[in-house]
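This report is an introduction for a reader new to the structure. Please look over the sequence and the model before reading on.

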Amino acid sequence: MSETYIELINLQKTFRDDLLKKDQIVLNSLNCSFAKGECTGLLGHNGAGKTTTIKMILGLLKPDNGTIRINGKSLTTESKRNIGYMAEVNKLPATLTPIEILNNQLRIFNPKKYSDRSTRKKRILEKLEEVGLGNHSSKLVRNMSKGMGRRLAWAVATIHEPEFLILDEPSSGLDPLGRHKMLEWIKNEKKRGTTIMLCTHELAQ
């Protein structure tokens with residue numbers, strides 16, 4: 001039996017945004033776990049609570065009740081350095097270039113193997129080549145197509161070689177060739193030993 005990497009225990013979340021409407025129960029005692037080194041699908045229709053679950057793992061939302069554990073320990077700022085996240089919608093700084101964005105990402109997450117400038121630069125250039133953006137490294141994000149933005153979003157999520165990778169509808173906005181490449185990248189991350197949460201409403205994925 002595979003070892004558990006992340007475990008969600010009795011997670012509950014209710015939104016109380018409008019005094020004139022009933023409370024909206026988004027998560028009601030959610031219990032699930034994700035095996036280390038495996039790609040696990042988190043399936044659900046729109047509004048099922050997938051994005052809310054992701055936000056709680058990332059620390060952007062606080063659960064009303066329940067616990068999130070990584071490697072058997074409570075979630076901390078340090079453990080979140082080992083998480084990569086690709087959102088469903090590209091949310092990249094429009095006035096920055098891919099090189100600037102990836103450099104900022106590495107400096108924020110600060111993995112030891114990419115702590116100095118030369119190794120960071122090499123890693124960034126390799127990642128841009130991997131996602132097919134080598135010739136667009138100095139292009140402003142606002143001048144990129146949606147497909148190029150998705151490729152950059154993948155690079156942002158994986159540049160620091162996270163142990164746990166959250167993918168929220170990763171194929172959204174990609175053409176057939178882009179979808180094929182995305183599946184290749186996901187398979188390669190799994191071979192690397194990354195634990196992957198694949199959130200989607202598309203059963204085919």
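Which residues in H3 meet which residues in H4?

The model is predicted. In H3, the residues in question are Arg123, Lys127 and Glu130, and their partners in H4 are Trp154, Ala155 and Thr158. Sorted by class, this contact of H3 with H4 holds 3 charged, 2 nonpolar and 1 polar residues.

Helix H3 covers residues 117–130 and helix H4 covers residues 146–158. The two pack at an angle of about 140°, and their axes are 10 Å apart. H3 is therefore oblique to H4, because angles over 145 degrees would be needed for roughly antiparallel. The crossing in which H3 passes H4 is right-handed.

## The chain as a whole

How many helices and strands does the chain have? Its secondary structure amounts to 5 helices and 8 strands. Along the sequence, these elements come in the order β-β-β-α-β-β-β-α-α-α-β-α-β.

The chain has 205 residues and a radius of gyration of 18 Å. For a compact globule with that number of residues, the value would be near 17 Å, so the chain agrees with this expectation. Taken along the principal axes, a box of roughly 50 × 35 × 30 Å is filled by the C-alpha atoms.

Of the 205 residues in the chain, 39% are buried. Contacts can also be sorted by separation in sequence: among those between residues at least 6 apart, 72% join residues at least 24 apart.

Most residues other than glycine have a negative phi. Asparagine 10 lies in strand S1, which spans residues 4–15.

Serine 29, in turn, has a positive phi of about 55°, and is likewise a residue that is not a glycine. Its place is in strand S2, made up of residues 24–35.

The reasoning rests on two cut-offs, because buried means under 20% relative accessible area and exposed means over 50%.

How values were computed. Residues numbered from 1 in each chain as written. Predicted model: local features only at pLDDT ≥ 70, side-chain atom pairs only at ≥ 80, totals over all residues. Heavy atoms only, no water. Helix = DSSP H or I, 4+ residues; strand = E, 2+ residues; numbered from the N terminus. Axes fitted to C-alpha atoms, helices over the stretch in contact; angles between N-to-C directions. Parallel < 35°, antiparallel > 145°, perpendicular 65-115°, else oblique. Left-handed = near helix turned anticlockwise from the far one by under 90°. Contact = heavy atoms within 4.5 Å. Nonpolar A, V, L, I, M, F, W, Y, C, P; charged D, E, K, R; others polar. Rg over C-alpha atoms; globule rule 2.2 N^0.38 Å. Buried < 20%, exposed > 50% of the residue type's maximum accessible area, 1.4 Å probe, protein only.
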